[in-house]
Amino acid sequence: MILSPPILALLSGSFLVVLILLYATWYGLQIIRHWDIRSGSELQISLERRTYLISTIMSHALGFQLLSLFLFIYTADQLSSSFTGAMCAAGALNVNRFGYPALLLKILNFMAGGVWLVINATDNSAPDYPLIRKKYMFLLPIGVLITIEAFLQGCYFLGLKPDIITSCCGTLFSSAADDSGALAAPPRYWPAAGYYFFAFLTLGTGALFYTRQKGAYLFSLSSTFLFLFSCLALVFYISPYLYELPTHHCPFCILHREYTFVGYPVYLLFLAGGVSGLGVGAISPFTGVRSLRETLPRIRAELTAVCLISWSAALVISSWAILTSNLKMD
């Protein structure tokens, strides 16, 4: 099982990403301590050369990190056929205690890595690299989290044993409040209420910010809450309409062919909306930096457009699934 190509790709890719992060962190510490764009010293010239290399390899490393989330979910879903009781990724991830922590860390690192790429692109758009210390300081905790994620992922894959009997998604995401084996007893309406409230708040504040450049932080905060509530609403409210079964709350079965693989675009839209919204808030404190006055408004406008398009498309898909479903709930 460990020789499966997707598993080998995930393990080897994570190992390389950790090595790259260690290299970037070492020189990042040197840049944090000694960077001085006004200096013509040999050390400064060396750091300037290094930062080109680090920026390039980190963009590729974090790019793989973003893709690895979907590859991890796909691999876990494919592994479900190897375990008794598993019907999808929900059961495969529950084979040992490392599956779900690794998945949650991958989602967190997806968001953090995406924000770092936004800050890095903003910094590289100015000739004097005004955010270079800040982006490398932010890289330090990201490196720690990705290293922990790689460790948990390795423990998960190395701990897989075909003779293990696991739980199916019907048990893990049970709608019965007294089911002690369920990951959570799903509430009915407050995730949906929160999702639609923050969806319209995000679209409204985003439109205001895009047209008048006002309310950046409210827009970013609203988008962040929308990301959280969208995940809850998908599991606890939207998914039963997709399955047309009121007790089925699994967030992974929608990745299957019988549901037209709708889970992949939905997850991609959620993540794109969350990262772009967070990115707007992350770079907004630097609007007063002189060298960013021309490029930062353009970057924020592009991020806002991506965020609004992503959340609008996700809202249309989820609402269409509810309105056209044969399932009717009070």
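Visitor: What should I know before I start?

Guide: Residues are numbered from 1 along each chain as its sequence is written, and side-chain values use heavy atoms, with hydrogens and water left out. Because the model is predicted, local features need pLDDT of at least 70 and side-chain atom pairs count only at pLDDT 80 or more, while totals for chains, interfaces and linings use all residues.

Visitor: How many helices and strands does the chain have?

Guide: Helices (H or I, at least four residues) and strands (E, at least two) are DSSP runs, numbered from the N terminus. Here the chain has 10 helices and 0 strands.

Visitor: Is serine 223 buried or exposed?

Guide: Buried means under 20% relative accessible area, exposed over 50%, and partly exposed in between, with a 1.4 Å probe and protein chains only. Serine 223, which lies in helix 8 (residues 216–243), has a relative accessible area of 0% and is therefore buried. By contrast, phenylalanine 15, in helix 1 (residues 5–34), counts as exposed because its relative accessibility is 53%. Of the 330 residues of the chain, 50% count as buried.

Visitor: With which side chain does the side chain of serine 223 make a polar contact?

Guide: A polar contact is a pair of N or O atoms within 3.5 Å; within protein, one must be able to donate a hydrogen and the other to accept it, and residues adjacent in sequence count only if both atoms are side-chain atoms. For serine 223, the partner is the side chain of tryptophan 311, at 3.1 Å.
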